[in-house]
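I have set down my comments as numbered points, to be read with the structure open beside them.

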Amino acid sequence: MADRTELERRLERNLTGLAESGRQQVMPLAAHRVRARGEQRKRRRRVAVAFGGALLAAAVVVGGLSLVRAVPVPEPAAIAPTPAVSGFVPPSPAPGEAYASELGYVYGAVAQGDRVRVTVEQLRTVRGTAVPTGVVHTLTLPRWTLVEARQLSGGSPADMRLEQLVSRLAAGPRWMFAIDYDSEGRVESLRETDRSPE
């Protein structure tokens, strides 16, 4: 315990000596220097407050602009909108088959440049009789689409191009065809069925 007390006394003497020497070497600042330092601190504080206010105002402006830009503006359509979608879905080939067929009346053919637009009234077979399903859709096909015709070609089977039959399919009787679709839903050919026009 005695050692500790001695240590404390030495420490206290050294600290007292150090404090006394510091007081002797430090000279108090002149009054004009104290005022100048105070004014400098005030100016720095004012500049910091002004800069902070300007920074806050800029952040509000940038935030407002980002909100204005965030509102979606609808762009005009690149293509004309299509008419209402019908209930028609092109048939898909069964596994292992190249084509799938749709049975339907084909009529209202209109030539449009190198394409032909036709209307198809979808049919299904019930006990050997073709019955309308209620689904009517249009197809726009290349003029050179293959058509296997029978009655349309004068009673004998013949391979024709769709463009050769536009006038016969334009109006009047509706001819029954099996329409062959590939796996991507494209029409590959039309095959006239044995049934005569309606």
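1. Let me begin with a residue in a loop. Thr145 is found in the loop between E3 and E4. Please keep in mind throughout that this is a predicted model. Is Thr145 buried or exposed? With a relative accessible area of 6%, Thr145 is buried, since the cut-off for that class is under 20%.

2. What does Thr145 touch? Setting aside neighbours within four places in sequence, Thr145 is in contact with Met160, Arg161 and Leu162, and also with Val187, Glu188, Ser189 and Leu190. There is a polar contact to look at as well: a polar atom of the Thr145 side chain lies 2.7 Å from the backbone oxygen of Pro142.

3. Now compare Trp144, which also has its place in the loop between E3 and E4. Trp144 has a relative accessible area of 52% and is exposed, whereas Thr145 is buried. Not counting residues up to four places away in sequence, Trp144 touches Asp114 and Arg161. Arg161 is also among the contacts of Thr145.

4. Which order do the strands take? The sheet is open and has 7 strands, in the order E3-E2-E1-E6-E7-E4-E5, with mixed pairing. Strand E3 (129-142) and strand E5 (158-161) each have a single partner strand, so they stand at the edges and one side of each is left without a neighbour in the sheet. From one strand to the next, the twist averages 35°.

5. The parallel part of the pairing can be seen where strand E4 (residues 146-149) meets strand E7 (residues 187-192): these two run parallel and are joined by 3 bridges. Within that pair, Val147 has Leu190 in E7 as its bridge partner.

6. How many bridges join E1 to E2? There are 8, and the two strands run antiparallel; Leu103, for example, has Leu123 in E2 as its bridge partner. Strand E1 (residues 100-112) is also joined to strand E6 (residues 175-181) by 7 bridges, again antiparallel, and Ala100 stands opposite Tyr181 in E6.

7. E1 and E2 form a hairpin with 2 residues between them, and Gly113 in the turn has a positive phi of about 65°. Arg127 has a positive phi of about 50° although it is not a glycine. Most residues other than glycine have a negative phi. Arg127 lies in the loop between strand E2 (115-126) and E3, and counts as exposed at 84% relative accessibility. I would be glad to see this angle mentioned in the text.

8. Finally, the chain as a whole. It contains 3 helices and 7 strands, and from the N terminus on the elements run α-α-β-β-β-β-β-α-β-β. Buried residues make up 22% of the 198 residues. The chain exposes about 14700 Å², of which carbon and sulfur atoms supply 58%. Among contacts with a separation of 6 or more, 47% come from residues 24 or more positions apart.

Notes. Residues are numbered from 1 along each chain as its sequence is written. This is a predicted model: local features need pLDDT of at least 70, side-chain atom pairs count only at pLDDT 80 or more; totals for chains, interfaces and linings use all residues. Side-chain values use heavy atoms; hydrogens and water are left out. Two strands pair if DSSP finds at least two bridges between them. Helices (H or I, at least four residues) and strands (E, at least two) are DSSP runs, numbered from the N terminus. Axes are lines fitted to C-alpha atoms, for helices over the stretch in contact, and angles run from 0 to 180 degrees between N-to-C directions. Buried means under 20% relative accessible area, exposed over 50%, partly exposed in between (1.4 Å probe, protein chains only). Contact means heavy atoms within 4.5 Å. Accessible areas come from the Shrake-Rupley method with a 1.4 Å probe; for residues, only the protein chains shown count as cover. A polar contact is a pair of N or O atoms within 3.5 Å; within protein, one must be able to donate a hydrogen and the other to accept it, and residues adjacent in sequence count only if both atoms are side-chain atoms.
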